[in-house]
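Dear colleague,

Please find below the structure that I am handing over to you, followed by an account of what was found in it.

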Amino acid sequence: MVDQFVGTWKMISSENFDDYMKALGVGFATRQVGNRTKPNFVMSVDDQGLICMKSQSAFKTTEVKFKLNEPFDETTADDRKTRTVVSLDNGKLIQKQSWDGKETNIEREISDGKLVAKCIMGDVVAVRTYVKE
C-alpha cells in the first residue's frame, strides 16, 4: 500500500516552488515565507488504514487524515479550502486538490531512496526532494 512513504522525511531541495505558489494565487508575503521554509514531511498509517500526512516547520504545521480514494476537506498551508482526494497509482501517491474551479496535483514517489514530490498547477511544475531521517 503506502508503506514506502511512511516515516519522517527531511527536505533537501526545492525547485520552482515560487512559480508554483504564484500559479496557485499565493500572495507575495506568504510566498517569501514558503520559499524560506524547509518543512519535514511525516507520514503514518494507523491500524484502521487511516493515513496521516504532516508538513512540519518552524513556520507552520499542517496535518490531514484520510483514507485512499475518499474525498475530504483540507485547509492548505496557504489557507486554501480544498476538496482533496488521495490515490495510489503505479506506486505514486497522488493528492488532487480542487477549489474555486481550480485544481492542483501533488505527486509523490520514491526514487533512489528519496521522496520526490512534484507539485503541478497547469503547466507549472515544482519539484521538492526529501531524504528519510
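A salt bridge joins the side chains of Glu63 and Lys65, with N and O 4.0 Å apart. The term salt bridge stands here for a side-chain nitrogen of Lys or Arg within 4 Å of a carboxyl oxygen of Asp or Glu. Glu63 is partly exposed, at 42% relative accessibility; buried means under 20% relative accessible area, exposed means over 50%, and partly exposed lies in between (1.4 Å probe, protein chains only). Please note that this is a predicted model, in which local features need pLDDT of at least 70 and side-chain atom pairs count only at pLDDT 80 or more, while totals for chains, interfaces and linings use all residues. Residues are numbered from 1 along each chain as its sequence is written, and side-chain values use heavy atoms, with hydrogens and water left out.

Other salt bridges

How many salt bridges does a search of the whole structure find? The search finds eight. As a general point, side chains of opposite charge can pair when their charged atoms come close.

One of the salt bridges links Lys22 with Asp18, and their closest N and O atoms are 3.7 Å apart. Both residues belong to helix α1 (residues 17–24), where they are four residues apart, about one turn of the helix. Helices (H or I, at least four residues) and strands (E, at least two) are DSSP runs, numbered from the N terminus. Lys22 is partly exposed at 44% relative accessibility, and Asp18 is also partly exposed, with a relative accessible area of 21%.

Asp79 and Lys60 form a further salt bridge through their side chains (3.7 Å, N to O). Asp79 lies in the loop between β5 and β6 (81–89), and Lys60 in the loop between β3 (51–56) and β4, so this pair ties together parts that are 19 residues apart in sequence. Lys60 counts as partly exposed, at 28% relative accessibility.

In what order do the ten strands of the open sheet stand? The order is β4-β3-β2-β1-β10-β9-β8-β7-β6-β5, with antiparallel pairing; two strands pair if DSSP finds at least two bridges between them. β4 (61–66) and β5 (72–75) are at the edges and have a single partner strand each, so one side of each is left without a neighbour in the sheet. From one strand to the next, the twist averages 25°; axes are lines fitted to C-alpha atoms, for helices over the stretch in contact, and angles run from 0 to 180 degrees between N-to-C directions.

Several pairs of strands may be followed in the model. Strand β2 (residues 40–45) pairs with β3 in the antiparallel sense over six bridges, and Asn40 stands opposite Gln56 in β3. The hairpin of β2 and β3 has five residues between the strands, and Gly49 there takes a positive phi near 85°. β3 and β4 are also antiparallel and pair over six bridges, with Ile51 opposite Phe66 in β4.

Strand β8 (residues 102–111) runs antiparallel to strand β9 (residues 114–121), and seven bridges join them. Ser111 stands opposite Lys114 in β9. Asp112 is placed in the loop between β8 and β9 and is exposed, with a relative accessible area of 77%.

Asn16 is not a glycine, yet has a positive phi of about 70°. Asn16 lies in the loop between β1 (7–15) and α1 and is partly exposed, with a relative accessible area of 37%. Asp100, likewise not a glycine, has a positive phi of about 45°. Asp100 lies in the loop between β7 (92–99) and β8 and is exposed, at a relative accessible area of 71%.

The cavity

The structure holds one cavity of 30 Å³ or more. On a 1 Å grid over the protein atoms alone, a cavity is a set of points where a 1.4 Å probe fits but cannot get out, and lining residues have an atom within 4 Å of a point. The volume of the largest cavity is about 700 Å³, a volume being the space filled by probe spheres set on the points. Its lining has 35 residues, of which Phe17, Ser55, Thr62, Ala77 and Arg128 lie nearest the centre.

A colleague

Notes:
On a 1 Å grid over the protein atoms alone, a cavity is a set of points where a 1.4 Å probe fits but cannot get out, and a pocket is an open set with protein on both sides within 12 Å along at least five of seven lines; lining residues have an atom within 4 Å of a point.
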